[in-house]
Amino acid sequence: MRRSTVPALEAGQALVRVHWLGIDATQRTWLNERETYTSPARIGSVMPGSGVGQVVASRSELFKVGDWVVGETGWQDYALAAGEGLHGFTRIPEGVEPRAMLSVLGVNGLTAYFGMTEIAKPLEGETVFVSAAAGGVGSIAGQIARKLGARVIGSAGGERKCAWARDVARFDACIDYRAEDMRERLGALAPDGIDVVFDNVGGATLEAALDHIAPHARVVLCGSISSGYRNDAYGRGPSNYMQLAFKRARMEGFIFLDFVAQFPQALYRMLAWVQAGDIRYEETISPGLETAPAALAGLFEGRNLGKQLVQVCSSQSD
């Protein structure tokens, strides 16, 4: 861990004490040399990432001391806020739990929302399969599908996660991929085929789902966490991709940033669902900035239930 002095503020800047970091699997791709949808992290620079914090000093008209804000803080104790919006910081409205802006009302929630409502578009009565059903994105995506009237099957690693998906997130069924045969269980749970696959895993899980898609299914590519997102592994296609042709199905990838103009409406709708209890979410918290690397690695080992967060400090005085 590298230490440096807190910089003096210039006009238009505010100093943010970081309280929470959001840890996302996609951050692993930023450590590879190959560019994806963003440039790789540079050696010696602050690890990129979103965070939530409180303004402790300000020379900005946009932010006053005491404001809670969310933005690209990076993995550090303090961050400079010099603007607002997508590439800056956003003030968190009163009444909203600040760290929820890193999960159900942040990247995870928006990814689940747009992937399901804009790409998958499940119809009432259709069958939806969501992999990584107890993860930060999958758990929310499945609940949105149920809210839209679909029947939802999930997959997760271990009975604890499967029970959470069934009992708390209210999936109709959840397959324990560590203890059950994925292809066999999907065949039993979806004898008429799967209309929507919302995939966060890739690999064998995606191949099992493709073997059971219904005619004209929609396969949404959100992530490929089973690959570890290593430079030499992620992005390999399924060996049975011709199932898409046989079933006249569609496979499409997306990134939540494709829908920036729709963020306000999406957040308004998501907040209403959360407040009504229609969407429930879970968090796994690692204490201390120094735990961030292990927290990221833990995503690929299945240690998290729901959103993985790092608590950088517990109070403004820390």
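Modeller: A place to begin is K121, which follows helix α1 and has a positive phi, near 50°. Keep in mind that this is a predicted model.

Colleague: What makes α1 largely enclosed by the rest of the structure?
Modeller: The count of buried residues does: 12 of the 14 residues of α1 are buried, so the helix is largely enclosed. Among them are N108, G109, L110, Y113, F114 and A120.

Colleague: Why is Y113 called buried?
Modeller: Buried means under 20% relative accessible area. Y113 has 9% relative accessibility, so it counts as buried. F114 has a relative accessible area of 0%, so it is buried too.

Colleague: What makes Y113 and F114 an edge-to-face pair?
Modeller: Two ring centres must lie within 6.5 Å, and planes over 60 degrees apart count as edge-to-face. For Y113 and F114 the centres are 5.2 Å apart and the planes are at 85°, so both conditions hold.

Colleague: And why is the pair of F114 and F259 called stacked?
Modeller: Here the angle between the planes is 15°, with 4.8 Å centre to centre. Planes under 30 degrees apart count as stacked, so that is the label.

Colleague: How do you know that this pair links distant parts of the chain?
Modeller: F114 sits in helix α1 and F259 in the loop between β11 and α7, 145 residues apart. Both F114 and F259 are buried. The structure holds six aromatic pairs, and one aromatic cluster is formed by Y113, F114, F256, F259, F263 and W273.

Colleague: Let's turn to the cysteines. How do you know that the count of disulfides is zero?
Modeller: The sulfur atoms would have to be within 2.5 Å. The sulfur of C174 is 3.5 Å from the closest cysteine sulfur, in C162, so that is too far for a bond. For C222 the closest cysteine sulfur is in C174, at 16 Å, which is also too far. By this rule the count is zero disulfides.

Colleague: Are C174 and C222 buried or partly exposed?
Modeller: C174 has a relative accessible area of 5%, so it is buried. C162 is one of the buried residues of helix α3, along with K161, A163, W164 and A165. The buried residues of α3 pack against α2, β7 and β8.

Colleague: Which values describe how α4 and α5 meet?
Modeller: Their axes come within 9 Å and cross at roughly 35°, and the crossing is right-handed. M182, R183 and L186 of α4 make the contact with T205, E207, A208 and A209 of α5. By class, that contact has four nonpolar, one polar and two charged residues.

How values were computed: Residues are numbered from 1 along each chain as its sequence is written. This is a predicted model: local features need pLDDT of at least 70, side-chain atom pairs count only at pLDDT 80 or more; totals for chains, interfaces and linings use all residues. Side-chain values use heavy atoms; hydrogens and water are left out. Axes are lines fitted to C-alpha atoms, for helices over the stretch in contact, and angles run from 0 to 180 degrees between N-to-C directions. Helices (H or I, at least four residues) and strands (E, at least two) are DSSP runs, numbered from the N terminus. A crossing is left-handed if the near helix is turned anticlockwise from the far one by less than a right angle, and right-handed if clockwise. Contact means heavy atoms within 4.5 Å. Ala, Val, Leu, Ile, Met, Phe, Trp, Tyr, Cys and Pro count as nonpolar, Asp, Glu, Lys and Arg as charged, and the others, Gly among them, as polar. Buried means under 20% relative accessible area, exposed over 50%, partly exposed in between (1.4 Å probe, protein chains only).
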